[in-house]
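My notes follow in the order I made them.

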Amino acid sequence: APRRLDEIDADADAIAAEAARRARREAEDDGRFPDEVDTPTNVPARERFARYRGLKSFRTSPWDPKEQLPAEYARVYQLDDFRLLQRQVLDDEADAERVDDEGESAGSELVRAGELVELHLANVPAQVAARYQAMGGLALAAVLHEHENKMSVVHYTAKMHTGLADDVIIRSKLDCVVQCGFRRYVGCPTFSDHSSRSSKHKMDKFLHPGRVCAASVYAPAQFSPAPLTLFALEPRANGEGDESAGLAGCLPLPAVVATGSLLSVDTERVMLKKIILTGHPFRVHKRKAVVRWMFFSPEDIRWFKPVELFTKMGRIGHIVEPLGTHGYMKCIFDGPLMPHDTICMSLYKRVFPKWGRFRFAADEADAAAAEQLQAQAGKVATI
């Protein structure tokens, strides 16, 4: 519902407008100069980009998928060859149903499709019960296959919804309501390119219209096929999303920003963030050139000396040595260099989905139950 004039916070609206303008400028810069960043002058480049590394070839160079994993990976399951695992689970269930039809002993553990059953839930927190009563007493019960209750890294294919306005910016790791199959939760999907030609995938800062990308998020494993719908949460004045709009089933959902389907469940899918450092020729003599403005100290030049250089006009080269103390360096290329060319260096680091926003509607009740357990533990310690 639209807000009344007396309810409008001018400061909050100004902050939201400035954030929207900043996001729009960043999206435009990403379209004109993709992945290019400025080398800081107040921080050494070897410290600012310490987690980045160079690759000889993005497609063929190796990258260990188990290297420098975040702490969140201790909370997820690694399910090797999830498609084969899904096929085995479904085959086992089909065999169990076949045994049940023949009237053997295993039939007592199964419920056939179409049978009417009555479910009794025990130890339901009072807050959850009150919420469902306020919603009309309607609850959704779904049967999970084996392994579908295990947290892992889930990947979806996503494409921006065609009904969005041209000025809408969907940033990677933005709080979204993820509706996949019967599950609905708040997550922060990380977008990357959807390609089967390489084992590494480049992260996208924004969801680009007309392009199919992969959206990765920490979530329970799920069998395919499963359709996906992403809803964007409207930011509050303090910058957080309004979770109640997407978690309560009786409330209207925000606008649809993307649709797609389940792609895979894989903890070893490598997503790389790419940055490009740029410099400009100061002096050019055939294949040799003195380049400036890429680095600002000789120590940084020696640190990044093994990384290959390239130009926007297709030349390949490398750093020979630093010159002086102001960041000038001597470079050599595989052909004559043009004075108006731009020297580039590509660096990569691995990125992971964002944890901490995943939750269902009953998480508040889980927090209350945890507080009760802590209180009971305190009483036991006192006794």
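I count a salt bridge when a side-chain nitrogen of Lys or Arg lies within 4 Å of a carboxyl oxygen of Asp or Glu. The model is predicted, so I kept local features only at pLDDT of at least 70 and side-chain atom pairs only at pLDDT 80 or more, while totals for chains, interfaces and linings use all residues. Residues are numbered from 1 along each chain as its sequence is written, and side-chain values use heavy atoms, with hydrogens and water left out.

**Entry 1: salt bridges**

I searched the whole structure and found 8 salt bridges. Side chains of opposite charge can pair when their charged atoms come close.

I placed both R53 and E67 in the loop between α2 and α3 (82-101), 14 residues apart. For helices I used DSSP runs of H or I with at least four residues, and for strands runs of E with at least two, numbered from the N terminus. I then checked accessibility, calling a residue buried under 20% relative accessible area, exposed over 50%, and partly exposed in between (1.4 Å probe, protein chains only). R53 is partly exposed at 28%, and E67 is partly exposed at 27%.

Next I looked at E36 and K312, whose side chains meet in a salt bridge at 2.9 Å, N to O. E36 lies in strand β1 (residues 36-37) and K312 in the loop between β12 (309-311) and β13 (316-323), so this pair ties together parts that are 276 residues apart in sequence. I noted E36 as partly exposed, with 26% relative accessibility. K312 is also partly exposed, with a relative accessible area of 48%.

Is D300 buried or exposed? I found D300 buried, with a relative accessible area of 4%, whereas R46 is partly exposed at 27%.

**Entry 2: cysteines**

How many disulfides does the structure hold? I took a disulfide to be a pair of cysteine sulfur atoms within 2.5 Å, and the structure holds 0. I looked up two cysteines for accessibility. C331 counts as buried because its relative accessibility is 0%. C344 is buried too, with a relative accessible area of 2%.

**Entry 3: backbone**

Which residues does a cis peptide bond join? I found this bond between S224 and P225, with omega about 0 degrees. P225 is in the loop between β7 (212-220) and β8 (227-232).

I then noted N123, which is not a glycine but has a positive phi of about 60 degrees. N123 is in the loop between α3 and α4 (126-134). N123 counts as exposed because its relative accessibility is 79%.

K286 also has a positive phi, about 55 degrees, although it is not a glycine. I located K286 in the loop between β10 (270-285) and β11 (288-292). K286 is exposed, at 62% relative accessibility.
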